[in-house]
Amino acid sequence: MTTIDSYIQTLKVEVAKQDPVILGIAVAVLVVLVTIVLFKLITRGRNTKQAILLVGLCDSGKTLLFSRLVHGKYVSSYTSIKENSGIYDVIGSRNKIAEVVDIPGNDRQRAQFWERYKSQARGVIFIIDSTTFQKEIKEVAEYLYTLLSDKTVNTQFLIACNKQDITMAKSSKVIHQQLEKEMNTLRVTRAAALSSTDGSSSGVFLGKRNKDFEFAQLGKLKVDFADCSAKGSGGEGDPELNMVEEWIGALV
């Protein structure tokens, strides 16, 4: 007879004696067991990946986008040194919500926070400053390439081309095309760096071999692009986030 069986038999005998203390213990144990069973039944079919991660370089507008989505208000731009998290109520639905996590953009911390939250990612929004994209294209491509190459992540990405309220901002179409070219160059460089002495290579190769890189080649790792403005054309007025909100709504 196992220890558990022995315990149950002893409990039955004590309960039969109608000892109030033993009865109280028996009820408490039963409540705990029922709670555990119900919790497992409720969460069995639930997707544990519920977070929308906001990533990108410093000053791309991540924290303002976070504030717009979660709090519905404008905040002055500042450099985050820790993550922000909150609940976003999906537009047009009373029952859909999503946790949004704003990950710091500085290169010393973003890898650390990515490792912490990537297992929870239902989707990833990569925010780009469309006004400074041309001079930051290499750093943007390197950061994005690193995230897309993560073997443990199999989710959807949205490249949110922010600050479209500014005249000099590049459109998502232009950014899409230029980013594919830069990713193609970066892929060649990384493949060469990863080559071992015997001529073989290790690591993740994004896209299709012997073809120029295209985001459409990533298969289940779907990447979409969207124009947006977390600030809005009116300064602190209404933001232009329709495409971002539609993407989140379809995802969750």
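Helices (H or I, at least four residues) and strands (E, at least two) are DSSP runs, numbered from the N terminus. The model is predicted, so that local features need pLDDT of at least 70 and side-chain atom pairs count only at pLDDT 80 or more, while totals for chains, interfaces and linings use all residues. Residues are numbered from 1 along each chain as its sequence is written, and side-chain values use heavy atoms, with hydrogens and water left out.

**Pockets and cavity**

On a 1 Å grid over the protein atoms alone, a pocket is an open set of points with protein on both sides within 12 Å along at least five of seven lines, whereas a cavity is a set where a 1.4 Å probe fits but cannot get out; lining residues have an atom within 4 Å of a point. Points are joined across faces, edges and corners, and a volume is the space filled by probe spheres set on them. Ala, Val, Leu, Ile, Met, Phe, Trp, Tyr, Cys and Pro count as nonpolar, Asp, Glu, Lys and Arg as charged, and the others, Gly among them, as polar.

| Space | Volume | Lining by class |
|---|---|---|
| Largest pocket | about 290 Å³ | eight nonpolar, ten polar, five charged |
| Second largest pocket | about 210 Å³ | four nonpolar, two polar, seven charged |
| Largest cavity | about 30 Å³ | two nonpolar, four polar, two charged |

The largest pocket has 23 lining residues, and Asp-59, Ser-60, Gly-61, Ser-77 and Lys-163 lie nearest its centre. Helix α3 supplies the largest share of this lining, three residues.

The second largest pocket, of about 210 Å³, is lined by 13 residues, with Arg-110, Ala-111, Tyr-143, Thr-146 and Leu-147 closest to its centre. The elements giving two or more residues to this lining are α4 (110–117) and α5 (133–148); α5 gives the most, with five.

There is one cavity of 30 Å³ or more. Among the residues lining the largest cavity are Lys-49, Lys-118 and Thr-152.

**Helix α7**

In α7 (residues 242–251), Val-244, Trp-247, Ile-248, Gly-249 and Leu-251 are buried, meaning under 20% relative accessible area with a 1.4 Å probe and protein chains only. These buried residues pack against elements including β1 (51–56), α3 (62–70) and β2 (84–89), where contact means heavy atoms within 4.5 Å.

**Residue Gln-217**

Gln-217 sits in the loop between α6 (172–194) and β6 (223–227). Its relative accessible area is 16%, so Gln-217 is buried. Leaving aside residues up to four places away in sequence, Gln-217 touches Arg-187, Gly-207, Lys-208, Lys-211 and Asp-212. The Gln-217 side chain reaches the backbone nitrogen of Lys-208 at 3.0 Å.

Key. Buried means under 20% relative accessible area, exposed over 50%, partly exposed in between (1.4 Å probe, protein chains only). A polar contact is a pair of N or O atoms within 3.5 Å; within protein, one must be able to donate a hydrogen and the other to accept it, and residues adjacent in sequence count only if both atoms are side-chain atoms.
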